[in-house]
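Here is a briefing on one protein chain. Look at the picture first, then read the points by topic.

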Amino acid sequence: MTNAVLHAHDPAKQYHFSNEADMINKIVLGKSAKIFRAEHGIKNVRDFIDAAQLAEINRLQIINTGLIEIRLEYQQRKEHLQQCHNRGLLSFGSDQKQTG
């Protein structure tokens, strides 16, 4: 995702990267990493979240990379990522019902 952000902005600023990360964190965790860290008294979110949350963040980063590369605007990417996340939750829930 870093390379996609670098190529999408000339010049790329720090907030371009943090905006993308915050968008994905808000979708998966329901809040920005800054708020999540403060609430849990931690320094690194990735060390604190469970494997499913980490996998979902990674999955959405991969999807977002493609959306950045095709030059989708921020709001459109956010909507697509939210839809992908929601579908993933629905899929996960149905898998649990079948196996549980």
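**A buried glutamate, and the model around it**

E20 counts as buried, at 5% relative accessibility. Buried means under 20% relative accessible area, exposed means over 50%, and partly exposed lies in between (1.4 Å probe, protein chains only). This is a predicted model: local features need pLDDT of at least 70, side-chain atom pairs count only at pLDDT 80 or more, and totals for chains, interfaces and linings use all residues. Residues are numbered from 1 along each chain as its sequence is written, and side-chain values use heavy atoms, with hydrogens and water left out.

**The chain as a whole**

- The protein chain has 6 helices and 0 strands. Helices (H or I, at least four residues) and strands (E, at least two) are DSSP runs, numbered from the N terminus.
- Along the sequence, the pattern reads α-α-α-α-α-α.
- The protein chain has 100 residues, and 27% of them count as buried.
- Take the contacts in the protein chain between residues at least 6 apart in sequence: 49% of them join residues at least 24 apart. Contact means heavy atoms within 4.5 Å.

**E20 and R77**

- E20 lies in helix α2.
- Which residues does E20 touch, not counting residues up to four places away in sequence? They are M1, V5, N64, I68, Y74 and R77.
- R77 forms a salt bridge with E20, and the closest N and O atoms are 2.3 Å apart. A salt bridge is a side-chain nitrogen of Lys or Arg within 4 Å of a carboxyl oxygen of Asp or Glu.
- R77 lies in helix α6 and E20 in helix α2, so the pair ties together parts that are 57 residues apart in sequence.
- R77 is buried too, with a relative accessible area of 7%.
- The side chains of E20 and R77 also make a polar contact, at 2.3 Å. A polar contact is a pair of N or O atoms within 3.5 Å; within protein, one must be able to donate a hydrogen and the other to accept it, and residues adjacent in sequence count only if both atoms are side-chain atoms.

**The other salt bridges**

- How many salt bridges does a search of the whole structure find? It finds 3.
- K31 and E39 meet through their side chains in a salt bridge, at 2.6 Å from N to O. K31 is partly exposed, with a relative accessible area of 25%.
- E56 and R59 also form a salt bridge between their side chains, at 2.8 Å from N to O.
- Both E56 and R59 lie in helix α5, 3 residues apart, which is about one turn of the helix.
- E56 is buried, with a relative accessible area of 12%. R59 counts as partly exposed, at 31% relative accessibility.

**The nonpolar core**

- The largest nonpolar core has 15 residues, and L60 and L81 touch the most other members. A nonpolar core is a set of buried Ala, Val, Leu, Ile, Met, Phe, Trp, Tyr and Cys residues joined through side-chain atoms within 4.5 Å.
- Four helices each supply at least two residues of this core: α2 (14-29), α3 (33-40), α5 (51-69) and α6 (74-99).
- Helix α2 gives the largest share of this core, 5 residues.
- Leaving aside neighbours within four places in sequence, L60 is in contact with I24, I27, V28, L81, C84 and H85.

**The aromatic pair**

- The whole structure holds 1 aromatic pair.
- F36 and F48 form this pair, which is edge-to-face: 5.9 Å centre to centre, with 70° between the planes. Rings of Phe, Tyr and Trp (its six-membered ring) pair if their centres lie within 6.5 Å; planes under 30 degrees apart count as stacked, over 60 as edge-to-face and the rest as tilted.
- F36 lies in helix α3 and F48 in helix α4 (residues 45-48), 12 residues apart.

**A loop residue**

- R71 is found in the loop between α5 and α6.
- Most residues other than glycine have a negative phi. R71 has a positive phi of about 65°, although it is not a glycine.
- R71 counts as exposed, at 52% relative accessibility.
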